[in-house]
Amino acid sequence: EWNAVVDALRMYKAAYGDLKVPSRFVVPGMPPWPEAAWGLKLGQRVSAIRSTGKYGVSSDDDRRRTLDDMGFLWRLRSPSHDKK
């Protein structure tokens with residue numbers, strides 16, 4: 001499943017220009033998305049990676065480096081609140 005997540009993140013970045021995956025995002029079941037990732041709840045996987053280190057990214061330097069090299073956002077900035 002790790003490889004499917006990585007492939008889906010690469011496609012997400014190619015399609016949207018960043019890795020700010022919405023928590024409800026599900027990989028579409030069609031090309032050009034990687035077939036192994038079709039239907040994958042990518043947003044939930046990204047949240048789990050950030051919060052719990054899912055897939056061993058906390059202890060596996062290679063996996064962490066893979067995400068870093070893609071520009072993975074380990075923390076999302078909280079939205080600024082405009083006072084009017």
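How many aromatic pairs does a search of the whole structure find? The search finds six, where the rings of Phe, Tyr and Trp (its six-membered ring) pair if their centres lie within 6.5 Å, and planes under 30 degrees apart count as stacked, over 60 as edge-to-face and the rest as tilted.

The structure is a predicted model, in which local features need pLDDT of at least 70, side-chain atom pairs count only at pLDDT 80 or more, and totals for chains, interfaces and linings use all residues. Residues are numbered from 1 along each chain as its sequence is written, and side-chain values use heavy atoms, with hydrogens and water left out.

Trp 2 is buried at 11% relative accessibility, and Tyr 55 is buried at 16%; buried means under 20% relative accessible area, exposed over 50%, and partly exposed in between (1.4 Å probe, protein chains only). Tyr 55 also has Lys 54 over its face, at 5.1 Å from the ring centre. A charge sits over a ring if NZ of Lys or CZ of Arg is within 6 Å of the ring centre and within 35 degrees of the ring normal. Elsewhere, the charged end of Arg 64 sits over the ring of Trp 74, 4.0 Å from its centre. One aromatic cluster is formed by Tyr 12, Tyr 16, Phe 25 and Trp 33.

As for the overall fold, the protein chain has three helices and zero strands, running α-α-α from the N terminus on. Helices (H or I, at least four residues) and strands (E, at least two) are DSSP runs, numbered from the N terminus. The C-alpha atoms fill a box of roughly 45 × 30 × 20 Å along the principal axes, and buried residues make up 33% of the 84 residues.

Helix H2 contributes Leu 42, Gly 43, Arg 45, Val 46, Ala 48 and Ile 49 as buried residues, and the buried residues of H2 pack against H1 and H3. Just after H2, Gly 53 takes a positive phi of about 70°. Among contacts (heavy atoms within 4.5 Å) between residues at least 6 apart in sequence, 45% join residues at least 24 apart.
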